[in-house]
Amino acid sequence: MDIFDKLKILADSAKYDASCSSSGSNRKNTNDGIGNGHVSGICHSWGADGRCISLLKILFTNACMYDCKYCINRSSNSVPRATFTPREVADLTIHFYKRNYIEGLFLSSAVIKSPDYTMERLVETASILRNEYHFHGYIHCKTIPGCSQELIDKLGVLVDRMSINIELPSNDSLKLLAPQKEKDGILKPMTYISNTLKLNKMDKSKYKEKFVPAGQTTQLMVGATPETDLKILKLSEGMYKSLKLKRVYYSAYVSINNDKNLPTLEKPPLLRENRLYQADWLLRFYGFQADELLNEEHPNFNTLLDPKCDWALRNLDKFPIEINTANYHTLLRIPGIGVISAKKIITARREFLLDFESLKKLGVVLKRAQYFITCKGKYFYEVNKFNKNFIETNLLYTERNTIPQKKFEQLSMFDTLLPTKEDKIKCLTGSL
Amino acid sequence: MSNWKLVNTTYLYDGTFDGLLTIVFESYSHKTLPQKIVSEEEYIQNFLDKTQYINTNYEKAKRVFEGINKNICYEALYNSFYAFLSDGKEKEIKILKYLCDGFDIGPKINTMLTISYVFSVINMRKRALSECHKLKGLLRFMEIGKNLYYASIHPDNNIIEPLGHHFIKRLPTQNFIIHDKNRNICFLYNSQEYKIIDSTNLTIPDVTEEEQKYQELWKLFFKTIAIQERKNARCQMQFMPKKYWQDLIEEP
């Protein structure tokens with residue numbers, strides 16, 4: 001089997017991993033070395049599915065001894081199997097890196113022989129890259145659940161990021177779909193990495209080498225099991241708080257195996273995945289809590305509106321917000337205003353009071369924000385328009401191109417819909 | 001700057017950043033604002049224009065350069081340099097106004113985003129920097145000799161120098177050529193020092209056999225890594241506009 005066949009098989013098996021980021025590490029290059037880290041990460045290409053390619057994402061082997069029902073590489077599937085040698089992976093990484101195809105290596109693996117045996121191969125690969133080729137680019141390695149702690153220590157000082165995929169968001173689902181795996185086997189190494197990271201940061205004299213400088217991440221699968229969005233989001237929130245994870249990735253389940261315990265989906269639940277990512281950002285950068293976005297009455301996200309708009313409509317008593325006086329954290333809660341816009345507003349209003357015109361000049365998009373703000377005490381529309389019905393109808397109307405509208409209502413003479421640009425032109429030309 | 005004299009003249013300069021800084025020096029010391037500033041190469045003769053050629057004076061340029069750093073702030077220098085590299089329309093006159101105002105106001109100038117030319121200088125900087133960042137990823141080296149690599153690019157902004165520096169830091173032992181085909185300039189690096197030269201007729205030797213193998217491997221990886229069930233050409237195009245496709249190895 002030549003390197004082409006191996007690459008085809010093992011890249012194909014690795015593609016369901018969502019993570020590809022190369023950010024968070026600022027590893028420096030030496031004079032005779034190759035590569036360096038870039039704090040914000042660099043994307044090198046984008047695949048046909050629109051996901052960025054920044055790392056050489058491959059499995060070390062796909063000859064797995066486990067039989068997890070959702071996984072393409074389960075031992076009872078008849079798919080072609082291949083295994084790299086550590087040298088092959090290292091050479092491929094270096095040659096791709098020299099041609100600027102990639103930012104580094106993302107090495108994951110199925111479990112072959114035993115967790116420890118597999119983990120030793122990963123350590124060997126990373127060690128060839130770092131110590132022999134003096135490679136200082138990005139390396140992201142999967143930790144194999146159930147491996148020994150010494151191996152985690154060894155790998156941790158070689159790589160930039162480590163991750164363990166939880167995949168199934170609850171113990172019951174785990175029992176149902178991955179009976180050979182245990183919850184503890186997954187959570188224990190995660191806790192161990194997070195504790196070592198904390199110690200490493202506190203006591204720099206004792207730990208000379210940096211341990212996983214870009215932190216650890218995980219992945220949850222969406223749509224294969226009956227968990228609600230609330231449950232998934234709560235789990236992520238908990239992990240961000242207690243384990244200090246850098247990212248939680250969500251991957252929409254793609255039906256690849258037939259099993260009585262698995263749902264058959266025609267298409268992967270991409271909208272749901274998107275909503276979870278939106279909410280995830282709200283947790284990490286916007287100061288939201290999972291409880292605010294979802295609750296027992298609404299355990300799943302609104303399919304028509306994004307989580308922030310949805311939250312704002314449920315909490316209209318907190319609006320409208322005055323742009324010129326609200327603090328940073330309040331500004332972030334306005335739908336349509338993100339971190340960049342909020343910072344721009346804060347800088348610009350030190351010199352001038354802002355009105356709608358100057359907001360537009362700053363490049364703040366008002367498509368959603370206009371319904372929720374006042375500038376110098378003025379609302380964008382007539383004051384009596386500030387009600388849930390008006391705002392919701394117009395928000396849905398502006399999104400109509402992207403999201404199919406399902407709500408049908410009796411039209412009324414006193415429609416709350418704003419006229420569009422085309423309507424106004426039609427009025428003028430008389431072509432009604 | 002409000003009481004400055006507006007002169008109905010077009011200033012011409014040699015198209016370098018030092019040249020522009022000399023103009024800043026002249027304008028600021030005489031308190032005059034020209035109507036337009038155009039580099040001599042791009043200038044199209046117009047019989048209504050009154051033109052004046054400003055000779056680049058490195059002494060004056062250096063004084064302005066240090067003055068910006070001292071009296072405005074480092075960020076202003078950064079903003080004006082990257083705005084200068086961008087392909088923004090009438091960038092020179094905007095940078096001149098931005099800097100002259102900056103000398104009067106100080107570092108606060110960067111927060112005055114509602115002044116149109118401050119906003120556009122900052123926007124131009126952003127355009128240049130973001131294209132530079134994009135090309136840090138999308139540039140593809142080809143091996144054309146032993147430890148000699150070549151890459152061609154077609155950028156909108158003139159960002160070959162910051163781009164080159166990125167690769168010097170990253171691949172210090174590798175000899176490489178980055179070729180900006182829109183401007184016909186080359187960034188050469190021989191693992192010790194770098195140089196930017198004009199390159200109107202440049203012949204590139206054929207790629208090595210090993211190179212072909214890795215190109216094939218990369219194309220294979222690129223095709224395999226996409227999930228067919230999630231195909232999304234629009235999303236792909238948004239991140240990787242078609243104008244960059246011509247220099248890629250893979251075929252998106």
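Modeller: Two strands count as paired if DSSP finds at least two bridges between them. Please bear in mind that this is a predicted model.

Biologist: In which sense do β2(B) and strand β5 (residues 51-53) of chain B pair?

Modeller: Pairing requires at least two bridges. β2(B) and β5(B) are joined over three bridges, and Leu12(B) stands opposite Tyr53(B) in β5(B). The sense of this pairing is parallel.

Biologist: Which residue of β4(B) stands opposite Leu12(B)?

Modeller: Strand β2 (residues 10-13) of chain B runs parallel to strand β4 (residues 36-39) of chain B, with four bridges between them. Within this pair, the residue of β4(B) opposite Leu12(B) is Val38(B).

Biologist: Which strands stand at the edges of the open sheet in chain B that has five strands?

Modeller: The order of this sheet is β6-β7-β8-β9-β10 (chain B), with mixed pairing. Two of its strands have a single partner strand each, so one side of each is left without a neighbour in the sheet. From one strand to the next, the twist averages 25°. The edge strands are β6 (142-145) and β10 (194-198) of chain B.

Biologist: What share of the residues in chain A is buried?

Modeller: Chain A comprises 15 helices and 11 strands, and its C-alpha atoms fill a box of roughly 75 × 55 × 40 Å along the principal axes. Among its contacts with a separation of 6 or more, 70% are between residues 24 or more positions apart. A residue is counted as buried if 20 or more other C-beta atoms lie within 10 Å of its own. Of the 432 residues in chain A, the buried share is 42%.

Biologist: Are α1(A) and α7(B) roughly parallel or roughly antiparallel?

Modeller: The axes of helix α1 (residues 3-14) of chain A and helix α7 (residues 209-225) of chain B come within 9 Å and cross at roughly 25°. Angles under 35 degrees count as roughly parallel. α1(A) and α7(B) are therefore roughly parallel.

Biologist: How many nonpolar residues does the contact of α1(A) with α7(B) have?

Modeller: The crossing of α1(A) and α7(B) is right-handed. Its contact residues include Phe4(A), Leu7(A) and Lys8(A) of α1(A), together with Leu217(B) and Phe221(B) of α7(B). By class, one residue is polar and two are charged, while the number of nonpolar residues is seven.

Methods: Residues numbered from 1 in each chain as written. Chains lettered and ligands numbered in written order. Predicted model: local features only at pLDDT ≥ 70, side-chain atom pairs only at ≥ 80, totals over all residues. Axes fitted to C-alpha atoms, helices over the stretch in contact; angles between N-to-C directions. Buried ≥ 20, exposed ≤ 12 C-beta atoms within 10 Å, placed from the backbone. Contact = placed C-beta atoms within 7 Å. Parallel < 35°, antiparallel > 145°, perpendicular 65-115°, else oblique. Left-handed = near helix turned anticlockwise from the far one by under 90°. Nonpolar A, V, L, I, M, F, W, Y, C, P; charged D, E, K, R; others polar.
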